Amino acid sequence: MQPRNMSMSGVVDLAAVKAAQEAKTKAEQARAEAARQGGAGAVSPADLVIDVDEASFELEVLQRSTEVPVVIDFWAEWCQPCKQLSPVLERLAVEYNGRFLLAKIDVDANQMLMQQFGVQGIPAVFAVVAGQALPLFQGAAGEQQIRQTLDQLVQVAEERFGLTGLTVDPDAQAGVRTAPVEQAGPYDMLLEAAVQALDAGDLGGAIQAYKNVLSEDPGNTEAKLGLVQAELLERVRDLDPQQVRKDAAEKQADAQAQIAAADLDLVGGHVEDAFGRLIETVSRTAGDDRDAVRRRLLELFELVGAEDPRVIGARRALARALF
């Protein structure tokens with residue numbers, strides 16, 4: 001299987017047209033068969049989120065994609081941003097009530113699938129519709145952005161491929177993946193307000209909410225990580241990527257130019273590029289400039305996660321550059 005990128009609103013592709021017609025026919029046949037059997041074929045909410053590996057990919061993703069859009073979540077246990085994104089995708093899979101199927105792929109155990117999709121960094125989210133791969137987004141994404149992307153995917157799948165999704169049995173609730181219920185902490189309302197502000201695009205409000213928590217509880221891990229993420233998104237929001245890349249290429253020893261480019265690298269999911277850029281800049285600079293680059297690199301380390309192999313390797317490289 002060799003997946004390829006395909007724009008949701010792209011040019012006419014004869015292979016895509018043929019696949020669409022075949023998928024539409026299969027979907028209609030499946031619905032007709034289900035109707036003849038009195039609604040047989042309904043799935044439980046638990047069946048909307050599945051773990052997939054290389055052995056089951058053909059059946060669970062490619063074949064199922066002729067019935068329902070399959071969203072693929074590439075993740076790993078060490079990936080801190082994945083731990084924020086995956087629960088959101090799982091919750092939305094149930095909320096969308098069969099309009100798409102969520103397939104979770106552990107990249108550490110399925111390197112071949114990661115390579116076939118051209119995944120450069122995680123989290124990375126793709127969709128497969130009628131056997132064709134669509135890149136959705138990579139890296140950090142707020143719930144509002146995710147919903148907009150899923151809404152577009154569902155619309156395209158129905159209009160172009162005739163896929164109306166799976167029938168879900170509302171009475172079959174057993175086994176649904178849900179987060180454990182925890183006792184509310186003293187800062188839960190502030191943290192929730194910060195998350196809602198992030199989802200709404202109010203980065204200033206999110207930053208202030210996280211700072212409010214940290215003013216009372218400086219060691220709050222969730223607030224520290226959230227603040228770093230919100231500040232990163234605020235820094236890149238108004239940047240001109242083309243100009244930033246141009247400045248970074250022309251001013252190799254300019255600390256601020258390299259820091260801005262590294263921020264864009266990380267938001268785009270190019271983690272190793274961001275780390276490598278800043279480590280090289282550390283070796284080229286001195287004094288306050290070097291310290292500013294080092295501090296930004298440590299912030300990015302915190303955001304990606306201390307156990308990430310890329311962070312571990314970059315820390316060693318940073319030590320060599322410093323000493």
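How many salt bridges does a search of the whole structure find? I ran that search on this predicted model and got 18 salt bridges.

**Entry: R147 and its partners**

I started with R147, whose side chain meets that of E95 in a salt bridge, 2.7 Å from N to O. I noted that this pair links distant parts of the chain, with R147 in helix α5 (residues 143-161) and E95 in helix α3, 52 residues apart. R147 is partly exposed at a relative accessible area of 25%, and E95 is partly exposed at 44%.

R147 has a salt bridge with E143 as well, and there I read 3.0 Å between the closest N and O atoms. These two residues are about one helical turn from each other, because they sit four residues apart in helix α5. E143 is buried, with a relative accessible area of 14%. I put the pieces together as a salt-bridge network that links R91, E95, E143 and R147.

**Entry: a pair in α12**

I next took E299 and R296, whose side chains form a salt bridge at 3.4 Å, N to O. Both belong to helix α12 and are three residues apart, about one turn of the helix. Is R296 buried or partly exposed? I found R296 buried, at a relative accessible area of 15%.

**Entry: disulfide**

I searched the whole structure for disulfides and found one. It joins C79 and C82, with the sulfur atoms 2.4 Å apart. Which hand does the disulfide of C79 and C82 have? The torsion about the S-S bond is about 80°, so I recorded the disulfide as right-handed. Both cysteines fall under the 20% cut-off for buried: C79 has 1% relative accessibility, and C82 has a relative accessible area of 2%.

**Entry: helix α8**

I checked the length of helix α8, residues 221-237. Its 17 residues should span 24 Å at 1.5 Å a residue, and I found the end C-alpha atoms 24 Å apart, so the two values agree. At the start of α8, I noted a side-chain oxygen of N220 within 3.3 Å of the backbone nitrogen of E222.

I listed the buried residues of α8, among them A223, L225, G226, L227 and V228. The list also includes Q229, A230, L232 and V236. What covers the buried residues of α8? I found that the cover includes α3, α6 (188-199), α7 (203-216), α10 (255-267) and α12 (287-304).

**Entry: backbone in the loops**

I looked up the peptide bond between I122 and P123 and found it cis, with omega about 0°. P123 lies in the loop between α4 (111-116) and β4 (124-129).

I then turned to positive phi values. N97 is not a glycine, yet its phi is positive, at about 55°. I placed N97 in the loop between α3 (80-95) and β3 (101-106). A130, likewise a residue other than glycine, has a positive phi near 55°. A130 sits in the loop between β4 and β5 (132-138).

Note on methods
Residues are numbered from 1 along each chain as its sequence is written. This is a predicted model: local features need pLDDT of at least 70, side-chain atom pairs count only at pLDDT 80 or more; totals for chains, interfaces and linings use all residues. Side-chain values use heavy atoms; hydrogens and water are left out. A disulfide is a pair of cysteine sulfur atoms within 2.5 Å. Buried means under 20% relative accessible area, exposed over 50%, partly exposed in between (1.4 Å probe, protein chains only). The expected span of a helix is 1.5 Å times one less than its number of residues. Contact means heavy atoms within 4.5 Å. A polar contact is a pair of N or O atoms within 3.5 Å; within protein, one must be able to donate a hydrogen and the other to accept it, and residues adjacent in sequence count only if both atoms are side-chain atoms. A salt bridge is a side-chain nitrogen of Lys or Arg within 4 Å of a carboxyl oxygen of Asp or Glu.
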